[in-house]
Structure formats: structure tokens, C-alpha cells
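Here are my notes on the model you sent. They are meant to be read beside the structure, point by point.

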Amino acid sequence: MVGVPFALAISMTLVDSYRRRGKKPRPFPTTPPSTNEVGGGEMTVYTYGQDLYDDMLAAIGGARKRILLETYIWKGDEVGEQFKAALVDAARRGVEVYCIYDAFANLVVSPRFKRFPPEIKVLRYPVYSAGLRFWDLRRYGRDHRKILVVDDEVAFVGGYNLGAAYATEWRDTHVRLTGSSVWDLTRTFADFWNLNRRKRFRSSERPLLLEAASVWEPRIRIHRNIPRLWMFPIRSMYLEAIDRATDHIWMTHAYFIPDQDFVDSLVRAARRGVDVRVLLPHKSNHVVADWISRGYYSQLLDAGVRILRFRDAMVHAKTSTIDGSWSTVGTANVDRLSLQGNYEVNVEVIDEQFAATMEAIFLTDQGHSLELHSAEWEARSAHRKFTEFVLAPLRPLL
């Protein structure tokens, strides 16, 4: 009984991988980069990878003092090589360059690509980080963040990893920030670096020190999950925002496997008249996650939540906007791994203009989606219901 869900999940993954061979996603609508003034700085939203990469590479090319790059996946393809070359060039002209990547997420990347010149300081977050303390659950989180900070003046954060497929084939969301909120992302990177540097470098390696002082900006907050400290504020941020909603909640997520408390919050919101919409990939790159996610559809549809399935391409965004005032963009999915397991970072923004931008993006995506209705859902075949039932025990793991 314990092995059947795992065996089914492995079989489904292998079959899905075989079916995907050689298939390319179809074109999908995007919105051009849009900039809003928030607080004392600017926020630019990207929904197309190539637009984002162009601006990130331009920022790296103009760096004068320091570059901080943290990513979950860093492919060794054309785009990955562009970023690596840009960082090497910056280091050789005297810029301090720090890089962090997750070793588990890059197991299939060539070892040759992962060799960097000594001018660049690279922290490879290990596949297994618990050491002899295998019982300590705080040490098992993956580094799922995607951050770039240049000269403490401009920062990028969101769902995009680094790779050629993400540049044109995936629909994701990232933001570029200037102003006081850049400090918070610098601190996010520095804290992770300093927490893990002792095991990755010689003992004489000094910690990453910050020169700029923090400034409170009430309209922008950076929330970061830190498993080692048992801190998971992103889940609380979502639950509080959902409970405050009075008009609408529009969420876009690549992987949607919430816990029951999260589902209950959405159901309560829908039943008090809030327009709740959840936009998901019609078919994601993780078929098992898709099937497990469907276990919550009946509760959501019965309460009046609208489920929208993005067609033709993978939507990898992790965004939400509520009541025309509150929005968030970041790296955290609505699943256990992101909300109660991994190192994540989300930007929370309370600004009407920025919310309007996020709503326009959501409506563009909705226009390219198929809505799932209750009648269609209830009419699904018996073997689909059985598969969902068999996979249900895996929910707490994902």
C-alpha cells in the first residue's frame, strides 16, 4: 500500500517524458515589460523570458562594484553560457561576483559548465545538506530562489530560472526593482551565503558584509522562507491576504497543491462573494503534480472558485493579486515544498497601479485558458478518479 502511489507516480513520469520528446510548446500571448513607480523606486514586470534576460545581462554588463546571483536551475545551454560569460567578464574587470546555485536542480547539467574561474565566488548548495544530522528536517530544504542584485541599486526576483527554454517557451513572471527594497534582496542573498559559507569555503573566507543601511518602505515587503530557522512567512502572507479579500482574488501558480487550511481560506472567500480565480497550467512539466492538484478541484468548484487552465505552454508564474491593491510576485508555489520546505522569496506589494498591471497580465493569460466547469469535472472517467485516489497519499510530500 505504501509503494503503490510511488510506483504509479514513477510510471506516470516516465510515460509523460516519453510522450513529450521532440514536442515544442506553441506561441502564447505575453505583455511587454511594464514599469510602475512604487515608493521611492520603480518596479518592472516581465512576462517573457527573453525580455528579462536582456535586461539582466545589461545590468551585469554595467556592474561597477558587486553582483549577487542566486538561482535554482542554471542550464548549460546558450542562455546559461551567456550569463556565465557576462559574470566572468565582470569579475575580470574588478567587480566582486558571488553566485549560488542548487546542486540537486542541476544534476543533469554538464560538470564542465559548473567549473568557474577563481575570480568568481561560487556556493554550490549541496544535494544533501543535513550531514550527520539526518533527523533534522530544517536542513532538507532546496534553494528555490531566483535573485540577481547589481551594485545594491537594481534587483531582479521571480519565477524565471536560467535557460534557453525559459527564454521563449515558458510563461513566467519576474520583477525588476530599484529603491529601498533592493536592500532586502541583498540581505536575503547575504544571509543565505553566510549561513552556508563555512562548509563550502576555507575557514578564512570572510562573510558577505552589507554596506547599505535598511530603509522601511511600507508598500513593499520582501518575505523569505528560511527552513534552517523554521521561518515560513510566505504562507502566512497568503492566508492573511486571502482572509482580507472583499472583491476578488486572482492567483497564477505553476504547481497548486495547497494544504487543507489554504483550501478552506479560498472556499470561505468564494462563499462570502469574492471572485476567486486560480490559473494553472493545463499540462505542467510535472504530470504527478497535476494529478495530485486535482484532488482539491471538487471543493473549490463547489464553492464557486473558477479554475482556469493555461493552454499550449507551461505557465511557471507564482503571482497573485487581490482587491486591486495587494499583489505578490516571487519564487514560491502553493505547495508544501515551497510554503513549508524550501528557501523561497516573494515580494509583497500594496499599490493600486502595480495591482492594475498584475490584473492586466492575469486577464491576458485568462484569455488563453480553458475554464474547468463543475459538470465537466464530475463527468470525468472512473479511471481518472481512481488515479487521483491512489496518488492522494503523496500530497503531504509535495
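1. Among contacts in the protein chain between residues at least 6 apart in sequence, 78% join residues at least 24 apart. Contact here means heavy atoms within 4.5 Å.

2. A word on the source. This is a predicted model, in which local features need pLDDT of at least 70 and side-chain atom pairs count only at pLDDT 80 or more, while totals for chains, interfaces and linings use all residues. Residues are numbered from 1 along each chain as its sequence is written, and side-chain values use heavy atoms, with hydrogens and water left out.

3. The overall make-up is as follows. The protein chain has 13 helices and 18 strands. Both are DSSP runs numbered from the N terminus: helices are H or I with at least four residues, strands are E with at least two. Of its 398 residues, 56% count as buried. Buried means under 20% relative accessible area, exposed over 50%, and partly exposed in between (1.4 Å probe, protein chains only). The chain exposes about 17,800 Å², and carbon and sulfur atoms supply 55% of that area. Areas come from the Shrake-Rupley method with a 1.4 Å probe; for residues, only the protein chains shown count as cover.

4. Where is space left inside? The whole structure holds 2 cavities of 30 Å³ or more. A cavity is a set of points, on a 1 Å grid over the protein atoms alone, where a 1.4 Å probe fits but cannot get out; lining residues have an atom within 4 Å of a point. Grid points are joined across faces, edges and corners, and a volume is the space filled by probe spheres set on the points.

5. The largest cavity contains about 70 Å³ of space. Its lining consists of Arg171, Trp250, Thr252, Thr319, Ser320, Thr321, Met358, Ile361, Phe362 and Asp365. Two or more residues each come from β11 (248–253), β15 (318–322) and α11 (352–366). Helix α11 gives the largest share, 4 residues. By type, the lining divides into 4 nonpolar, 4 polar and 2 charged residues. Nonpolar covers Ala, Val, Leu, Ile, Met, Phe, Trp, Tyr, Cys and Pro; charged covers Asp, Glu, Lys and Arg; the others, Gly among them, are polar.

6. Two residues of that lining also pair with each other. Trp250 and Phe362 are stacked, at 5.2 Å centre to centre and 25° between the planes. Trp250 sits in strand β11 and Phe362 in helix α11, so the pair ties together parts 112 residues apart in sequence. Both residues are buried. Rings of Phe, Tyr and Trp (its six-membered ring) pair if their centres lie within 6.5 Å; planes under 30 degrees apart are stacked, over 60 edge-to-face, the rest tilted.

7. The second largest cavity holds about 50 Å³. Residues lining it include Met56, Lys146, Phe156, Tyr160 and His174. β3 (66–71) and β6 (147–150) each supply at least two lining residues, with the largest share, 3 residues, coming from β3.

8. Tyr125 lies in strand β5 (residues 120–125) and Tyr343 in the loop between α10 (336–340) and β17 (344–350), 218 residues apart. Tyr125 is buried at 2% relative accessible area, and Tyr343 is buried at 1%.

Definitions and conventions. On a 1 Å grid over the protein atoms alone, a cavity is a set of points where a 1.4 Å probe fits but cannot get out, and a pocket is an open set with protein on both sides within 12 Å along at least five of seven lines; lining residues have an atom within 4 Å of a point.
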